Amino acid sequence: PADWVAPPYDPPAGSRWIVESKDVTEVDSNGQHIQNSLATTAELIFEQKTVEGFRVTYIMHNAVYEGDARTASLVSPVSKALENLAIHATIAPNGMPLRVENLDEVQIAARTAIDGMTTPLAGKPEAAILRRMATEMLIADENRAPRVYLGSLATLALGQNTGLRPGEARSSVEEVANPLNGVPIKSSTTLRIDNADPATGKVRLIRTRAFDADGVKAFLRKLVPQLAGDQNFDNVMRQATMVLDSRTEIDVEGGMTRVVRQEDTVTGTMFGHSVVRHSHKVMTVTRES
């Protein structure tokens, strides 16, 4: 609509919101099928509006990981490590996390949790694996902390204060973690309005993402020499592929993201083997009664 003006992101001070998330991942590789899921429930409290944006408190109250028994025994304790810890933060006017204010407290809690997980396994190979994995997932410096500890808020912020009008699209190139092994790889992203209702202030945005072709080539050129061994490098490069198909629907009401539905499929082929990783994620935000 020509008269569309998006309401700003402006939750009132003192308001409390419940953020629920479920992420189901399926991986098919060489005839094997693996499925796992992570469901979380968190509380988001708006303390006050500031010149930078907002001061908030984020508390993850519950995390449930389900998967094969061996993986669950490692990942589940890590998922629960920061349960019920109040993370105090400053977020931008669009809700993007800027800074964790009590980072020292968060890191102490994380290190205590890691010690608690690994001490019962002392002397076992699993102890070192669990400590390394938990440290990578739970310990972050001040630059990484906003996304590590407040990743859900970063996702919700994608639909808030976009400044887009119907018919417009915003494209960008950014580095994202490659879902197959976590190494950053460039991707091309487009965000557009699917529909908007001036009467209600509701809007649905569509965000699509695909690996940048040059980014894939650069990634494979780094990876292939490590794995090719005696095989011909050029032959391996010609046969290697990696494709990302990602679509996210973001429903925004009153300037605030209320529902996110994300479908990601990554397909990789190398040395005659293929891997398909499909991820389905749903996030909802509801006001606490």
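**Close-up views of salt bridges in a predicted model**

**View 1. Arginine 192 and its salt-bridge partner.** At 33% relative accessibility, arginine 192 counts as partly exposed. This value, like every other in these legends, comes from a predicted model. The side chain of arginine 192 meets that of aspartate 194 in a salt bridge, with a distance of 3.7 Å from N to O. Aspartate 194 is also partly exposed, its relative accessibility being 38%. As a general principle, side chains of opposite charge can pair when their charged atoms come close. Across the whole structure, a search finds 15 salt bridges.

**View 2. A salt bridge between a loop and a strand.** Glutamate 52 and arginine 99 are joined through their side chains by a salt bridge of 2.9 Å, N to O. Glutamate 52 belongs to the loop between strand S2 (32-49) and strand S3 (54-66), whereas arginine 99 belongs to strand S5 (residues 97-100); the pair therefore ties together parts that are 47 residues apart in sequence. Glutamate 52 has a relative accessibility of 37% and counts as partly exposed. Arginine 99 is likewise partly exposed, at 33% relative accessibility.

View 3. Arginine 204 and glutamate 249 form a salt bridge in which the closest N and O atoms are 3.7 Å apart. This pair links distant parts of the chain, for arginine 204 is in strand S8 (residues 202-211) and glutamate 249 is in strand S9 (residues 241-253), 45 residues apart. Arginine 204 has a relative accessible area of 23% and is partly exposed. Glutamate 249, at 19% relative accessibility, counts as buried, because buried means under 20% relative accessible area.

**View 4. The surroundings of aspartate 251.** Which side chain is joined to that of aspartate 251 by a polar contact of 3.2 Å? The partner is arginine 261. When neighbours within four places in sequence are left aside, aspartate 251 is in contact with Val203, Arg204, Met256, Thr257, Arg258, Val259 and Arg261.

Methods. Residues are numbered from 1 along each chain as its sequence is written. This is a predicted model: local features need pLDDT of at least 70, side-chain atom pairs count only at pLDDT 80 or more; totals for chains, interfaces and linings use all residues. Side-chain values use heavy atoms; hydrogens and water are left out. A salt bridge is a side-chain nitrogen of Lys or Arg within 4 Å of a carboxyl oxygen of Asp or Glu. Helices (H or I, at least four residues) and strands (E, at least two) are DSSP runs, numbered from the N terminus. Buried means under 20% relative accessible area, exposed over 50%, partly exposed in between (1.4 Å probe, protein chains only). A polar contact is a pair of N or O atoms within 3.5 Å; within protein, one must be able to donate a hydrogen and the other to accept it, and residues adjacent in sequence count only if both atoms are side-chain atoms. Contact means heavy atoms within 4.5 Å.
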